[in-house]
Amino acid sequence: MDRMFRVLAFWTGIFAVMFYTGDMMEAALLSLAQTAFFLAVGYLKLSERMYVYIFFSYLTVFMIGFTYYSSFILVPSFGGH
């Protein structure tokens, strides 16, 4: 399970680079923070149950943040800049 967190770190690192090259600095920094978190957790050598708890907590925080952002912050538009 620790390898899967390192795989998640790899992919969030790829997204951070892609966001950075696309001039999306906030998303790049958020992805870089997730990369650091996943990489740090991936090297802790915890039990598989603890890794599942950490991943479940991560998904819960993500869904709460995403729901808050899409409900209260996002301004609906259709392709306009």
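View 1. Look for K45 in the loop between α2 and α3 (48-73); helices here are DSSP runs of H or I, at least four residues, numbered from the N terminus. K45 isn't a glycine, yet its phi is positive, about 55 degrees. Most residues other than glycine have a negative phi. This being a predicted model, local features need pLDDT of at least 70, and residues are numbered from 1 along each chain.

**View 2. D23 in the loop between α1 (2-21) and α2 (25-42).** D23 counts as exposed, since its relative accessibility is 64%.

**View 3. Spans annotated as "transmembrane region".** An unreviewed UniProt entry puts this label on residues 5-21, 27-44 and 51-75; such annotations may be inferred rather than shown by experiment. Residues 5-21 are 100% helix, with end C-alpha atoms 24 Å apart. For residues 51-75, the helix share is 92% and the end C-alpha atoms lie 36 Å apart.

**View 4. The largest pocket, about 490 Å³ in volume.** A pocket is an open set of points on a 1 Å grid where a 1.4 Å probe fits, with protein on both sides within 12 Å along at least five of seven lines; lining residues have an atom within 4 Å of a point. The volume is the space filled by probe spheres set on the points, joined across faces, edges and corners. Of the 16 lining residues, L30, Q34, Y58, F62 and F66 are closest to the centre. The largest share of the lining, seven residues, comes from α3.

How values were computed:
This is a predicted model: local features need pLDDT of at least 70, side-chain atom pairs count only at pLDDT 80 or more; totals for chains, interfaces and linings use all residues. Side-chain values use heavy atoms; hydrogens and water are left out. Helices (H or I, at least four residues) and strands (E, at least two) are DSSP runs, numbered from the N terminus. Buried means under 20% relative accessible area, exposed over 50%, partly exposed in between (1.4 Å probe, protein chains only).
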